Amino acid sequence: MGEVRALIAAMRLIDVPWTSVIRAITLGTLALGSAVGLGAASAWLIARASQMPPVLSLSMVVVTVRALGISRGLMRYLERLASHQVALKSMGALRTALYERLATGPTGVVSTLRRGDVLARIGADVDHVGDVVVRAIIPAAVSASVSLLSIVAMMLLLPEGGLWLALGLAIAGILGPWLTALGARRAETDSAAARGEVTARSLDLVDHASEMIVTGNVAAAIKSLRTADQRWKDSTQAGARALAAGAAAGTLGLAVAVLGALLAGIPAVTSGRLGEVTLAVVVLTPLAAFESTLVLPAAAIQLHRSGAAALRLSDLLERTGVSPTTDRAAQRATDRAAQRDADRAAQRAEILHHQRNDDHAQSISAASQDREAVIELIDLKVGWSPDTPAAEIGSLRLSRGTSAVIVGPSGSGKTTLLATIAGLIDPIAGTVHTSGPALLTTEDAHVFQTTVLENLRVARGDVDADEARAALNLAGLTPWLTSLPNGLDTMVGADASTISGGERRRLLIARSLVARQPILLIDEPAEHLDRASADALVKDLLSLPARTAGSDHPVEAVVIASHHLGAIDFADQVIRVTAAISQ
């Protein structure tokens with residue numbers, strides 16, 4: 001039941017267009033109905049032709065067979081278009097909702113998951129949830145509709161034959177999927193977990209191959225990957241056995257329907273209640289009618305597969321602090337209300353801004369403005385959660401136009417402090433005040449396999465060439481840019497594989513600058529760089545407030561966290577973080 005509730009919640013979240021679903025079911029019913037009609041018409045034509053009647057008496061049925069053959073393919077094509085449109089829209093909506101939750105949720109949500117696991121949930125799990133429409137709901141509805149119509153048509157020809165057809169369809173359409181579901185439930189749950197494990201371990205090997213080679217952990221990592229892959233194979237095979245059981249039930253149901261039609265039809269022909277040609281229709285029509293039940297075992301597997309995926313997505317959504325059962329319309333209304341409040345606040349801030357500018361000469365002096373606190377920490381204690389060790393920071397005041405460097409041993413809480421100042425995690429104790437938005441740039445921020453300009457546009461999509469060159473100049477990359485064959489249009493390798501470590505870090509700094517945030521927080525910018533390169537980079541970073549003063553979008557303050565002690569010589573303030581203590 002947990003899978004069903006999670007799947008229903010996911011369907012509510014993506015706002016499935018049920019009108020389109022009904023259209024796909026109707027088209028699917030027409031396609032399979034054409035197949036059943038084609039089977040019945042062909043059976044009548046073959047039986048009647050064996051009696052050598054005049055050819056003209058068969059012409060109308062011949063035309064009907066051709067029309068049904070064409071309509072079957074046409075309706076199937078239209079049904080595929082309609083159903084896949086629903087699935088693709090649903091997947092897009094669900095994936096967008098997940099990204100929104102992850103982007104606005106607490107930082108600990110993603111930090112507790114490996115990249116491969118996140119990829120599996122947002123990738124394969126979303127696809128499986130979307131597939132429930134195309135591979136479970138629509139096929140089941142079409143099968144029920146066609147089966148009911150076939151039984152009614154058969155009852156009109158021979159009531160006993162209709163009863164045998166109903167029994168056979170019940171075996172194939174109810175017993176078959178039930179047997180499949182019985183064996184597939186555990187298999188699909190294990191398969192979903194194993195698939196996520198394989199993806200996570202594969203990405204670990206790709207992302208951390210160098211470190212694993214140095215530490216000698218490659219063989220162990222490959223062994224773990226093979227173990228997870230074997231679990232995936234085992235669960236897939238278990239699912240295949242369940243599918244085979246369902247297929248066997250379908251074959252049994254077909255045999256029951258055909259043999260039952262013969263047992264009921266032969267006495268009816270003997271007694272004169274049924275014609276010889278009609279007997280062929282009664283016996284051969286079930287062969288086409290059972291086409292609708294062939295997909296039901298696979299639909300049962302898909303239902304469990306989608307349910308298991310929905311449970312994993314539900315877990316991800318719950319970690320963001322948003323209930324997966326939240327009605328999407330209500331969520332949209334909440335979002336719109338929040339946006340209106342934000343717009344009003346922005347308007348009030350703009351009015352105050354103009355008022356302050358008008359009264360600036362009379363109310364405050366330039367000197368007092370320069371001394372205004374950009375970052376203020378009061379009795380601060382930071383940690384990723386109340387259950388983890390916390391770092392005692394104390395109080396600090398960073399004025400406009402100044403810089404600071406955070407130093408301390410590994411694990412002491414330097415990155416945690418930056419994340420707290422950025423507002424990504426809440427303080428364990430104390431308060432943080434900032435004069436404006438703070439942007440955190442980490443050492444492992446991704447560089448995309450695209451042009452230099454497009455990598456900068458990740459931060460802001462409307463960055464033009466002149467602004468890009470200015471940001472690269474502030475980051476100390478003008479000589480590098482000049483040396484590139486195509487300038488800003490030069491392609492950068494996957495995750496900056498074609499540029500040096502120093503150039504990669506400076507490119508990330510340039511990306512931060514075009515974001516136009518007044519406070520820059522930079523984590524370990526000098527990691528893995530030689531002493532001279534590290535000194536040059538840190539000096540450039542800490543001088544950004546002075547170098548951008550007077551520009552349209554100045555950097556008001558820079559705070560970096562670094563193991564590089566040379567950074568102390570270039571910073572206005574030094575924040576020393578000792579080892580974190582347990583709560």
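Trainee: Which helix does lysine 414 lie in?
Mentor: Lysine 414 is in helix 14. Helices here are DSSP runs of H or I with at least four residues, strands are runs of E with at least two, and both are numbered from the N terminus.

Trainee: What kind of model is this, and how are residues numbered?
Mentor: It is a predicted model, where local features need pLDDT of at least 70, side-chain atom pairs count only at pLDDT 80 or more, and totals for chains, interfaces and linings use all residues. Numbering starts from 1 along each chain as its sequence is written, and side-chain values use heavy atoms, with hydrogens and water left out.

Trainee: Back to lysine 414. Is it buried or exposed?
Mentor: Lysine 414 is buried, yet has no salt bridge. Buried means under 20% relative accessible area, exposed means over 50%, and partly exposed is in between, using a 1.4 Å probe and protein chains only. A salt bridge puts a side-chain nitrogen of Lys or Arg within 4 Å of a carboxyl oxygen of Asp or Glu.

Trainee: Which side chain of opposite charge is nearest?
Mentor: Glutamate 524, 4.3 Å away. Lys and Arg count as positive and Asp and Glu as negative, while His and the chain ends are not counted.

Trainee: What does lysine 414 touch?
Mentor: Setting aside residues up to four places away in sequence, lysine 414 touches Ile406, Val407, Gly408, Pro409, Glu524, Ala561, Ser562 and His563. Contact means heavy atoms within 4.5 Å.

Trainee: Zoom out. How many helices and strands are there?
Mentor: The protein has 20 helices and eight strands. Of its 583 residues, 44% are buried.

Trainee: And what share of contacts comes from residues 24 or more positions apart?
Mentor: They make up 79% of the contacts with a separation of 6 or more.

Trainee: How many residues does the largest nonpolar core have?
Mentor: It has 56. Such a core is a set of buried Ala, Val, Leu, Ile, Met, Phe, Trp, Tyr and Cys residues joined through side-chain atoms within 4.5 Å. Val21, Leu94, Val129, Val133, Ile138 and Leu165 have the most contacts inside it.

Trainee: Which helix gives the most to this core?
Mentor: Helix 5, with 13 residues. In that core, take valine 133, one of the residues with the most contacts. Not counting residues up to four places away in sequence, valine 133 touches Met11, Val21, Val86, Ile138 and Pro139.

Trainee: Which residues does the second core include?
Mentor: That separate core of 41 residues includes Ala468, Ala471, Leu472 and Ala496. In soluble globular proteins, nonpolar side chains tend to be buried together.

Trainee: Which residues form a nonpolar patch on the surface?
Mentor: Leu74, Tyr77, Leu78 and Leu81 do, with about 380 Å² of accessible area together. Patch residues have over 30% relative accessible area and no salt bridge; like charges are joined within 9 Å, and nonpolar side chains (Val, Leu, Ile, Met, Phe, Trp, Tyr) within 5 Å. Areas come from the Shrake-Rupley method with a 1.4 Å probe, and for residues only the protein chains shown count as cover. Leucine 81 is in helix 3. Its relative accessible area is 46%, so leucine 81 is partly exposed.

Trainee: New topic. How many salt bridges does the structure hold?
Mentor: It holds 16. One joins arginine 80 and glutamate 79, with the closest N and O atoms 4.0 Å apart. Arginine 80 is partly exposed at 42%, whereas glutamate 79 is buried at 5%.

Trainee: What does arginine 95 pair with?
Mentor: Arginine 95 meets aspartate 127 in a salt bridge, at 2.9 Å from N to O. The pair links distant parts of the chain: arginine 95 is in helix 3, aspartate 127 is in helix 5, and 32 residues separate them. Arginine 95 is partly exposed at 22%. Aspartate 127 is partly exposed too, at 29%.

Trainee: And where do arginine 531 and aspartate 535 lie?
Mentor: Both are in helix 19 (residues 531–542), four residues apart, about one turn of the helix. Arginine 531 is exposed, because its relative accessible area is 55%.

Trainee: Which residues do salt bridges with shared partners join into one network?
Mentor: Arg460, Asp462, Glu467 and Arg516.

Trainee: Last one. Is serine 512 buried or exposed?
Mentor: Serine 512 is buried, because its relative accessible area is 6%. It sits in helix 18 (residues 501–514). Leaving aside neighbours within four places in sequence, serine 512 contacts Leu439, Thr441 and Leu520.
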